[in-house]
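Please consult the sequence and the three-dimensional model shown here before reading the briefing. The points after it are arranged by topic.

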Amino acid sequence: MRNLRVLFLSLLFVSCHLQRKGDVLISNTNIIDLETGAISKGDVLIRDSVILTISKPNTLSFSGIKYIDGTDHFLIPGLWDMHVHIQDSTYLSMFLDYGVIGVRDMGGCVISPTDGCESVCPEMLNRWKGEMEAGKMDGPKLYIAGTQLSGTGWPTSFPVATKEEVGYAFEKNVQAEVDFIKVYEKIPWESYREIARLAKQYHLDFTGHVSEPFLLSNILDLGQKSVEHILEPLLYSFTDDPSELENFMVADGYTEDDRKFVQPWIEDANNVLESFKKNQAWFTPTMAVQYARLRYKDTHWIEHPERKRMPPSVNAGMKQHLTRMLNSQDHKGDSLWWQALTKLVKRFSNENIGLLAGSDAACEGGIPGYSLHEELILMVEEAGLSPLSALQTAIINPCTYFGLQHNGKVQEGFNADLVLLTENPLENIRNIHSIKAVFKKGKVVRFSQEDRNE
Ligand SMILES: [Zn+2]
């Protein structure tokens, strides 16, 4: 009897303590632990922007607060897309529609939308960021690169042929309040070293492509935090089997000169894996954008209804890209290249090298938000990762990458940036489409009346 009284009093205390206008309760739901894949049932109470408490299922009932029945649903932390180019404010809302609560914008500086492969200038992105923080606009958390540093002479990037130019590029990007520095290609070695030095001095990470002809292991030793896309110096790490590499080169028509040119990268291939581990560097394979080159007949993707929400120039960019690919004389080479790429992703995953999910939307027809789902599906169905490993690249790894200690878990005291799904994504990664609700900073920002699963 005494025990019952204690229980009653403590429940009363918990209720009084917990109930407050503005709270959100997700009851009786399946909570997925993205570190282990374990699923537990519980009631999740959100206050302000944080998960206040998680109790046993159906133990918390409240009146006067927002209540979502999570029965038979699955709760995961919000998704991140670690490689995007935002050209239009519409994208911000599209990301949330697909449960993407954070993005890393990989830079550019265009004034108005182009083909989709570059971002608008950092001043504009920061303006949107401010409006989102003030609650005047809808969208994900943004980390931005600003104008990229490049040796290619591309007009909307900073040239970095000399140390002075590197200094100028840093100054301008710092003035524009960027979060990190993006390097592109063809950067001379002395400039690369200067980038690494200034990055340290300004406490900014530098990330991006790989400048040929340098060895990737040397670039990683300079401190480049992530490598974007499968670029040629990286490609030779796809296998540790020399005969497989030989077959690839024969089938892809490598000449003696080609072989001579790539020989240093082949020799560096095993160092590359070690360098990633030693430097705790990350790899963003951007499978979704690479896959676009094989999709010239995929009408579901080409005519996706979401394209109506995107700027016409971006859709035109996709059509041009697909026409180029359709007319390509080397479809066999393309599919071989794709196979090598998927093997590389699997090999890196097996070796526990940190992978980041990044779609590169809206380059080559990527659809903000939707393409991140595709990235995860490709990781599972093409590269052979488990759904859990794929989800980690869009949830846990981005939080670790940015050092966000209270994100990436459904746990008391953690930020309530969450996605509620009607189907289990660990059973089938395509269930990532089955979004019931999206929570950003504890607020229900999306809620679907019907259960949908594409
Ligand atoms: Zn990109």
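The model is predicted. Its chain contains 16 helices and 18 strands, and it is divided into domain 1 (2–77 + 408–447) and domain 2 (79–402).

**Overall dimensions**

- The C-alpha atoms of the chain occupy a box of roughly 85 × 50 × 45 Å along the principal axes.
- The radius of gyration of the chain is 23 Å, which agrees with the value near 22 Å that a compact globule would have with 454 residues.

**Domains and their contact**

- Domain 1 is assigned two segments, 2–77 and 408–447, whereas domain 2 is assigned 79–402.
- A distance of 34 Å separates the C-alpha centres of domain 1 and domain 2.
- To the contact between them, domain 1 contributes 19 residues and domain 2 contributes 18 residues.
- On the side of domain 1 that touches domain 2, at least two residues each come from β5 (74–77), β17 (435–440) and β18 (443–447).
- Of the elements on that side, β17 gives the most, with 3 residues.
- The side of domain 1 that touches domain 2 comprises, by class, 11 nonpolar, 3 polar and 5 charged residues.

**The sheet β6-β7-β8**

- An open sheet is formed by 3 strands in the order β6-β7-β8, with parallel pairing.
- Its edge strands, each pairing on one side only, are β6 (79–84) and β8 (141–144).
- From one strand to the next, the twist averages 15°.
- Strand β6 is joined to strand β7 (residues 100–105) by 4 bridges, and the two run parallel.
- Within this pairing, Trp80 stands opposite Gly102 in β7.
- In general, the strands of a sheet pair through backbone hydrogen bonds, in either a parallel or an antiparallel manner.

**The helix pair α14 and α15**

- Two packed helices are described by the angle between their axes and by the distance between the axes.
- For helix α14 (residues 370–381) and helix α15 (residues 387–394), the packing angle is about 145° and the axes are 9 Å apart.
- The crossing in which α14 passes α15 is right-handed.
- From α14, the contact involves Leu372, Leu376, Met379 and Val380, while α15 supplies Pro387, Ala390, Leu391, Thr393 and Ala394.
- By class, the contact of α14 with α15 consists of 8 nonpolar residues and 1 polar residue, with no charged residues.

Conventions:
Residues numbered from 1 in each chain as written. Predicted model: local features only at pLDDT ≥ 70, side-chain atom pairs only at ≥ 80, totals over all residues. Pairing = 2+ DSSP bridges. Axes fitted to C-alpha atoms, helices over the stretch in contact; angles between N-to-C directions. Left-handed = near helix turned anticlockwise from the far one by under 90°. Contact = placed C-beta atoms within 7 Å. Nonpolar A, V, L, I, M, F, W, Y, C, P; charged D, E, K, R; others polar. Domains from an automatic or database assignment. Rg over C-alpha atoms; globule rule 2.2 N^0.38 Å.
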